[in-house]
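Please read it with the structure open.

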Amino acid sequence: MATSSIASFAEAGADLELAGITKRFPGFTAIEELDLSIPAGSFFALLGPSGCGKTTTLRLVAGLEEPTSGRILIGGADVTSTKPFQRPVNTVFQSYALFPHMTILENVAFGLRRRKIADAVGKAHEALKLVELDHVAARRPAQLSGGQQQRVALARAIVNRPALLLLDEPLGALDLKLRRQMQLELKTIQTEVGLTFLHVTHDQEEAMTMADTVAVMNKGRIEQMGAPEELYELPRTAFVANFLGQSNLFTGDVVASTADHITVDVAGVPIVVPRKRAQRHAGEVAIGVRPEKVSLLTEAPTPEAGRNVLGPGRVTDVSFSGVSTQYLVEVPGVGELIVFAQNMVFGPVVAVGAEVWLSWNAEHGFGLDDDPGVVPRFVPDDSTESIAIQRRIALEEELEQA
């Protein structure tokens, strides 16, 4: 990214605080008692499925919805009752929302000119340089690729120098390769300009690649919040374990406990979990391990301290994905487990029907805080998707008119 014009956009971002936010619509509650604090200058991601409340949260921060109760503070100032155009906030949408009849430069300068800001054209050129698109300033949106249009939309938002930038599924319309490239570019721009970014997405990879902190939302509440690595390696609930990646989950009674470990009976097999990585230490508990931490063995392994073993099981499916191969293994009494094996040789290591054992380092396991009687694999609730789409369309229309 270009750095020559960074100083023009280096005004510090503001912190965002949501205090006791509740938002009720007729017939349902979208957000319930949400407390959230986002430090100034950070890249924060709200991650969750359609209908979890993340788009409503964005609308509340933008001023397009009023909370039923609670307060919204930006930079320490209470903006709960402030109009959208009076807030130091801009939004970047998935659909770009560029004016097709205007040039790229005119699109970026549009907001500045409406507000009668001095040297609107000069500032627009600086914003385009930041996203490395000043050389296409005279073109129209239809002449640019999807990725270029998204960068223009970003320049148009940044040129207003908001203290807080909201990103509403900004990369959802791009192909996989371009989306990954834009993830890196967005993170670089955020670091350079120093604004506070609030990124709303259902894409786990997008959130983990870009954000400093990720909050996983479910049914209007935050299930868990922290650094991406922390949430992935040490999920506290089955929802987080299965929404942020995939997990093998088991339930059983704690049959032994020491200062460092607990041992859980899983279908008659002792499974060891580090005590510091478990949320519960007695009674019936739910535990798990990530698929890439599990090794697939074609012979029964010799018992070894610090290693957990399940099996024998039968391979029921093999799925090649390039970098790795996914194996589904049915273990009697336990159920179906997932194994991700890096492709070190040509083709799968074992075929469907093969007898195998599953082994993993005990230190890689984790214990959940869920009621052990309810640890289903996560299934998105698509019935709420139309509501989310309708809100997003309304949000774009209202911001365009502001």
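**Notes on salt bridges, cores and surface**

1. The side chains of R280 and D369 form a salt bridge, 3.9 Å from N to O. The term means a side-chain nitrogen of Lys or Arg within 4 Å of a carboxyl oxygen of Asp or Glu. R280 sits in the loop between β13 (269–274) and β14 (284–289), and D369 in the loop between β20 (366–367) and α9 (385–401); this pair links distant parts of the chain, 89 residues apart. Helices (H or I, at least four residues) and strands (E, at least two) are DSSP runs, numbered from the N terminus.

2. R280 is partly exposed, at 29% relative accessible area. D369 is also partly exposed, at 44%. Buried means under 20% relative accessible area, exposed over 50%, and partly exposed in between (1.4 Å probe, protein chains only).

3. On provenance: this is a predicted model, where local features need pLDDT of at least 70, side-chain atom pairs count only at pLDDT 80 or more, and totals for chains, interfaces and linings use all residues. Residues are numbered from 1 along each chain as its sequence is written, and side-chain values use heavy atoms, with hydrogens and water left out.

4. The whole structure holds 8 salt bridges. One of them joins K23 to E65, with the closest N and O atoms 3.7 Å apart. K23 lies in strand β1 (residues 16–25) and E65 in the loop between α1 (54–62) and β4 (69–74), so the pair ties together parts 42 residues apart in sequence. Both K23 and E65 are buried.

5. K187 pairs with D212 in a salt bridge, the closest N and O atoms being 2.7 Å apart. K187 is in helix α5 (residues 176–193) and D212 in the loop between α6 (204–210) and β9 (213–218), so parts 25 residues apart in sequence are tied together. D212 is partly exposed, with a relative accessible area of 35%.

6. Which residues of the largest nonpolar core touch the most other members? They are V108, L128, L154, V214 and V216, out of 48 residues. Helix α4 (residues 146–158) gives the most to this core, with 6 residues. Apart from it lies another core of 29 residues, including I38, L58, L60 and I72. A nonpolar core is a set of buried Ala, Val, Leu, Ile, Met, Phe, Trp, Tyr and Cys residues joined through side-chain atoms within 4.5 Å.

7. V345 lies in the loop between β18 (335–342) and β19 (355–361). V345 is exposed, with a relative accessible area of 53%.
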